[in-house]
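Keep the 3D view open as you read.

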Amino acid sequence: MKKLPKLFLPVTLLAGIVCGFLRNDMYVDAQGDPLGLIPLHHPNYPIIYGLAAVVAVLLIVYRFAGPKRPYQIVTKLPIAGIGAGFGALACAYMLFKTEGSTLMLVAQAMGLFGFWGLATAYFAGKRPSLLNMLLPVFVCFGMVLGNLTLWSRLHQTQDYLFDSLFYLFTAIYGIHRITAASGQKADDRAGFVWGQAALFCAIAAAAYGHILYFVSLSLWLLSTFFVTPCKMVLPAPAERLIKMLERAGYTAYAVGGCVRDGMLGRTPKDYDLCTNAKPEEIAKVFDGYELVKNGEKHGTVGVVVDQTLYEITTYRTEGGYEDSRHPDWVEFVDNVCDDLARRDFTVNAMAFNPAVGYIDPYGGQSDLFGRTLRAVGDPQKRFREDALRILRGVRFACRFRLVPQKDTLKEMIALAPTMDRLASERVFSELNEILCHIDEGDLLLYKDVLLQVLPELAPCVDFCQHSRHHRYDVLRHTEQVLCNLPADAPLRWAALLHDISKPQTFVQDEKGEGHFHGHAAESARVAEQILLRLKAPAALREEVVTLIAHHMDLLTPEKPLLRRRLSKYGEPLLKKMIDLQTADRIATGYKKEKHLQDRQKLLGVLKKLTKEEGRLEVKDLAIDGHDLIALGFTEGPQIGQVMNHLLQQVLDGKLPNDHETLKAAAAEFLKNQ
Ligand code: ATP
Ligand code: MG
């Protein structure tokens, strides 16, 4: 879509303010004096309303055709917040001064509370209650009703009809924004809500023209003006490579993930380049550079600059995909847009060149800032071609808080069974990333996809725990545990699988209370099977299995207990155990504060222990295997047994870690055998 001129929004809003001024005479206080900045009496209502309607239409046009900026309101949060404050003041002022209908006043008050509650909830990083979400919407419908009542009573058709339409529009807009807000991170949400509140009042300013609304509007405008959309800055070597290709007569762009990340102001993992030069031509242009050619068959040549590898790929289209994994054929093409068409999602199908700017034929930028995950082209076709895209979709949605577009989500779920043909390593690596980015609501939203690759989780869905200690069913509880942990892969895997065997170990006592004896060990066993199947790295697998197997072991802030655990697991793993146990307890849905305090206490004691004593292991004992053999022990498992026995004695403070004492204790042990 063609870009709107920069002045479009300010001019439109200014026109709105003028309309507001012109209709100031409608609102009078108890003494009959007009409210507002310039109390103009204007009998020519149809013209004013005509103008106001034009403003409304222009605002809608701006909404759909204007620049889609990255949460501009967020960045200038304080200004937008102050704007919202002024708007709220204006509402309160109008409430006391005008002679509106009671219904309208009540609606307006509810709206204020609604916005206030929403903003508070979002600020606290919590999910706001449904009531808080819906109040601002109710208020608008309330205003519609109020205006229609007045209309029927006073028969001033134009006045109230316009007001009704205005509120109707605001309500629909509100629903739209609330839906879009639901998946975002707490930081984004706070600014977003304040911005919406400011905008709400700002639109009202256009209608009422009151000074306070006017201030609110100006501040909101100001908050959006300050922000410039993130401009992509390529690292010098990438820019140099592009320039060299261009000088040789080819076109070249940065493409894919780096453009997406750059647009969001994040640092990309790597910079992929693409060009119409064929692989052998790329090699020729970079003659003298260190080249990596093992991807040449697929059109990729790696060029090493300043010890960094840049992959340059020839524009290509693909086709076939008989196996839902690999294209049957690949064809080099000359146009970057044809290359972008083969990419998975619109947010990944953008290219950038410093001289040309962005190439974005599928609306990736607008989707990125509108927080939408959309397949490039026909989603069914795209997921049929390569089933990995389904998991990639979940990954990008979680990582960038994108909401999958309806058809994209539908096809992701419908075609999830085709993922059985994917290589385990690729499934594991996607799941790994998904787990590290998962947030509230994601596990349930994508369960139909995730259960295809983790079918062992299926019995946990909606599995009621019949326990007064648990507020949630097993899967919801699992999701809560995940969201209360840092983004560490082994921890997140442990969280995902820690209760996987609860349904199988479930029993109910005579009072109807649910119990899950042995579920930790059983879940650890199932987790091991799953991670073996997914070909997870052995170190991760072992860590996850240990974390799960011991997630029910009581951890209390007592030195002897923690000393023993520290000796057995080491500090990093023990800290993770504490984190997992805390998250597990918080995810019961009760006493969050207490569990967080317990965690602090545990960490405090652990910190002291590690600082004062460090980790004591068998190898740190003041005695070794040779000493034991000299005492008469036989080589083999017996040595390990005795060493462990001695270690426990030292850890419990029963023996000092001293050579002679330990030797005597070992001799005693041998005597009692
Ligand atoms: P990340 O930041 O995680 O590396 P990315 O978007 O760069 O994300 P890559 O796997 O590195 O992801 O892929 C680079 C680009 O190649 C993607 O942005 C996308 O355009 C394209 N791509 C990768 N895998 C696929 C696929 N399976 N189907 C279609 N396009 C793909
Ligand atoms: Mg990448």
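Helix H16 packs against helix H18 (residues 424-437) at an angle of about 15°, and their axes lie 8 Å apart. That makes H16 roughly parallel to H18, a label given to angles under 35 degrees. H16 passes H18 in a left-handed crossing, meaning that the near helix is turned anticlockwise from the far one by less than a right angle (clockwise would be right-handed).

Before going on, some ground rules: this is a predicted model, in which local features need pLDDT of at least 70 and side-chain atom pairs count only at pLDDT 80 or more, while totals for chains, interfaces and linings use all residues. Residues are numbered from 1 along each chain as its sequence is written, chains are lettered from A and ligands numbered from 1 in the order in which they are written, and side-chain values use heavy atoms, leaving out hydrogens and water.

Helices here are DSSP runs (H or I, at least four residues), numbered from the N terminus. Axes are lines fitted to C-alpha atoms over the stretch in contact, with angles running from 0 to 180 degrees between N-to-C directions.

Now to two other helix pairs. The axes of H25 (residues 538-549) and H27 (residues 571-586) come within 10 Å and cross at roughly 50°. H25 and H27 are therefore oblique to each other, and H25 passes H27 in a right-handed crossing. H26 (residues 559-569) and H28 (residues 592-612) pack at an angle of about 65°, with axes 10 Å apart. That makes H26 roughly perpendicular to H28, a label for angles of 65 to 115 degrees.

| Residue atom | Ligand 1 atom | Distance |
|---|---|---|
| Arg260, polar side-chain atom | oxygen | 2.8 Å |
| Asp344, backbone N or O atom | nitrogen | 3.2 Å |
| Asn348, backbone N or O atom | oxygen | 3.0 Å |

The protein covers 81% of the 590 Å² of accessible area that ligand 1 has on its own, computed by the Shrake-Rupley method with a 1.4 Å probe.

Definitions and conventions
A polar contact is a pair of N or O atoms within 3.5 Å; within protein, one must be able to donate a hydrogen and the other to accept it, and residues adjacent in sequence count only if both atoms are side-chain atoms. Angles under 35 degrees count as roughly parallel, over 145 as roughly antiparallel, 65 to 115 as roughly perpendicular and the rest as oblique.
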